[in-house]
Amino acid sequence: QVQLVESGGGLVQPGGSLRLSCAASGSIFSINNMGWYRQAPGKEREWVANIFIIGADTSYADSVKGRFTISRDNAKNTVYLQMNSLKPEDTAVYYCNAKINKGPSHGYMDYWGKGTLVTVSS
């Protein structure tokens, strides 16, 4: 079965930095793209960043543009989110998402990690 495991969350002061990782494993034939979402208490889950595995084109939500950087290591099936200049409003559970094809004649399906908590507070 396909699994996504996030790591790197924790407590950081405003203005600080944190790097999140997400490793995909299991029955994977190919990955189209991987990305990050986040959800704060009482709010809807929102999209944060995306990266295509082939070509490495990236996109970001306006709220994090210029502060966050998404990257990938194809050999490890891993995506990273480097978060700089963190603000209290960045506090949320961050979820990894991937569009994965499990084999020939299979379509791409969405997979989600369990999330990692990022708390930005003084």
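1. Buried, in this note, means under 20% relative accessible area, exposed means over 50%, and partly exposed is anything in between (1.4 Å probe, protein chains only).

2. A quick word on what we're looking at. This is a predicted model, with local features needing pLDDT of at least 70 and side-chain atom pairs counting only at pLDDT 80 or more, while totals for chains, interfaces and linings use all residues. Residues are numbered from 1 along each chain as its sequence is written, and side-chain values use heavy atoms, with hydrogens and water left out.

3. On to the overall fold. The protein has eleven strands and zero helices; here helices (H or I, at least four residues) and strands (E, at least two) are DSSP runs, numbered from the N terminus. The radius of gyration is 14 Å, close to the 14 Å that the globule rule gives for 122 residues, so the protein is as compact as a globular protein of that length. For that comparison, the radius is taken over C-alpha atoms, and the rule is 2.2 Å times the number of residues to the power 0.38. Along its principal axes the C-alpha trace spans about 50 × 25 × 25 Å.

4. How much of the protein is buried? Of its 122 residues, 39% count as buried. The accessible surface comes to about 6,500 Å², and carbon and sulfur atoms hold 49% of that (Shrake-Rupley method with a 1.4 Å probe; for residues, only the protein chains shown count as cover). As for contacts (heavy atoms within 4.5 Å), take those between residues at least 6 apart in sequence: 55% of them join residues at least 24 apart.

5. Now the inside. A nonpolar core here is a set of buried Ala, Val, Leu, Ile, Met, Phe, Trp, Tyr and Cys residues joined through side-chain atoms within 4.5 Å. The largest one has 31 residues, and L4, M34, W36, L81, M83 and Y94 have the most contacts inside it. Strands β3 (18-25), β4 (30-39), β5 (46-52), β7 (68-73), β8 (78-83), β9 (92-101) and β11 (116-120) each put in at least two residues, and β9 gives the most, with five.

6. Not counting residues up to four places away in sequence, M83 touches G16, S17, L18, L20, R67, F68, Y94 and V118.

7. Back to the cysteines. There is one disulfide (a pair of cysteine sulfur atoms within 2.5 Å), and it joins C22 and C96, with the sulfurs 2.0 Å apart. C22 sits in strand β3 and C96 in strand β9, so the pair ties together parts that are 74 residues apart in sequence. The link is left-handed, with -85° about the S-S bond.

8. Next, the charges. Side chains of opposite charge can pair when their charged atoms come close. The structure holds five salt bridges, each a side-chain nitrogen of Lys or Arg within 4 Å of a carboxyl oxygen of Asp or Glu. R38 is a partner in two that I'd look at: with E46 at 2.7 Å, N to O, and with D90 at 2.9 Å between the closest N and O atoms. D90 lies in the loop between β8 and β9 and R38 in strand β4, so this pair ties together parts that are 52 residues apart in sequence. Both D90 and R38 are buried, whereas E46 is partly exposed at 32% relative accessibility.

9. Another salt bridge brings K99 and D110 together at 3.8 Å, N to O. K99 is in strand β9 and D110 in strand β10 (residues 108-112), eleven residues apart. K99 is partly exposed at 26%, as is D110 at 46%. Elsewhere, salt bridges with shared partners join R38, E46, R67 and D90 into one network.

10. Two last spots. S121, in the segment after β11, is partly exposed at 39%. S121 and P14 are 107 residues apart in sequence and 6.0 Å apart in space, C-alpha to C-alpha.
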